[in-house]
Amino acid sequence: MSGFSKDWLALREPADRAARDPDLVAALAAHLAARSEPRLVDIGCGTGSTWRALKDLLPPTTRWLLVDHDPALLAEAARQVEGDARVRLLQHDLNDLDGLPLDDVDVVTASALFDLVSEPLVVQLADRLAATRTGLYAALNYDGDMRWQPADPLDAVMVELFNAHQRTDKGLGAALGPDATACLERHLGARGFRVLTGPSPWRMAKGQIHLQGELIEGMRQPLTEMAAGRVSGQDIGRWIDRRLADIALSGSSALVGHTDLLALPA
């Protein structure tokens with residue numbers, strides 16, 4: 001699976017936390033409150049952002065297993081959770097879902113993950129969750145919506161190209177990209193889960209220069225890879241330069257759409 005730097009994960013974490021749908025977090029907490037010692041497995045944990053976002057909102061007896069394939073991110077997660085006996089870590093490749101330890105697990109959690117995975121992996125995970133009667137809390141799934149103010153004539157085509165790139169293989173098969181939440185909802189619903197969804201967009205105000213700038217710079221390579229026959233490299237460069245100029249002047253605001261999902265066994 002394509003990796004992310006811990007610097008980017010740290011930069012986006014406040015926006016992620018602010019964006020989470022509070023009603024779904026409350027529903028997750030209520031579900032776990034019926035257990036004396038709830039057990040969660042957080043897949044694609046990165047440096048532990050899901051744990052940090054939820055640890056004070058869920059029952060204090062909750063136990064976590066943080067799972068990631070990247071040893072550098074797991075090392076940072078270990079540093080962050082040091083001293084908390086309720087948290088363990090596991091290096092594991094999500095291509096091996098059968099090896100994921102789900103016995104006696106109440107809920108699998110993930111953040112900003114499922115837009116990077118394939119539909120066959122979702123099907124396999126849904127089957128495992130149904131077999132073990134394990135819930136799923138999947139937050140911050142990109143939904144394909146990106147908007148800026150002020151608008152630019154090339155915004156629509158750039159978002160279209162970026163969304164096409166989001167559907168390419170990120171190491172877990174042809175990625176779902178903006179279709180992730182609908183795919184999860186379809187397959188989990190078909191297996192009898194009660195599925196709730198809620199919007200969790202990033203809303204970046206004027207003055208949030210660093211995150212906006214890194215987002216735009218991070219689009220450069222995906223846009224270039226998908227540009228053939230649509231726009232020129234010069235068009236991409238000019239669009240990025242205009243966007244960065246607006247951001248530098250603190251005159252740009254942005255919205256990046258995400259959707260949260262909570263699926264619980266019937």
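Which residues lie nearest the centre of the largest pocket? Select Phe4, Trp8, Arg12, Ala112 and Leu116, which lie nearest its centre among the 46 residues of the lining.

The model is predicted: local features need pLDDT of at least 70 and side-chain atom pairs count only at pLDDT 80 or more, while totals for chains, interfaces and linings use all residues. Residues are numbered from 1 along each chain as its sequence is written, and side-chain values use heavy atoms, with hydrogens and water left out.

**The largest pocket**

A pocket here is an open set of points on a 1 Å grid over the protein atoms alone, where a 1.4 Å probe fits, with protein on both sides within 12 Å along at least five of seven lines; lining residues have an atom within 4 Å of a point. The space in the largest pocket is about 1,100 Å³, a volume being the space filled by probe spheres set on the points, which are joined across faces, edges and corners.

Next, select helix 8 (209–226), which gives the most to this lining, with 8 residues. Helix 1 (6–19) and strand 5 (135–149) are among the other elements that each supply at least two residues. Helices (H or I, at least four residues) and strands (E, at least two) are DSSP runs, numbered from the N terminus. Coloured by class, the lining shows 19 nonpolar, 15 polar and 12 charged residues; Asp, Glu, Lys and Arg count as charged, Ala, Val, Leu, Ile, Met, Phe, Trp, Tyr, Cys and Pro as nonpolar, and the others, Gly among them, as polar.

**The second largest pocket**

Move to Arg39, Leu40, Leu65, Arg88 and Val105, which lie nearest the centre of a pocket lined by 14 residues. Strand 1 (39–43), strand 2 (63–68) and strand 3 (87–91) each give two or more residues to this lining. The second largest pocket has a volume of about 200 Å³, and its lining holds 9 nonpolar, no polar and 5 charged residues.

**Helix 7**

Select residues 180–190, where Ala180, Thr181, Cys183, Leu184, His187 and Leu188 are buried (under 20% relative accessible area, with exposed over 50%, partly exposed in between, and a 1.4 Å probe on protein chains only). Viewed down the axis, these buried residues fall within an arc of 160°, so they line one face of helix 7; the arc is that of the directions from the helix axis to the C-beta atoms.

**Gln208**

Finish at Gln208, in the loop between strand 7 (202–204) and helix 8. Gln208 is partly exposed, at 34% relative accessibility.
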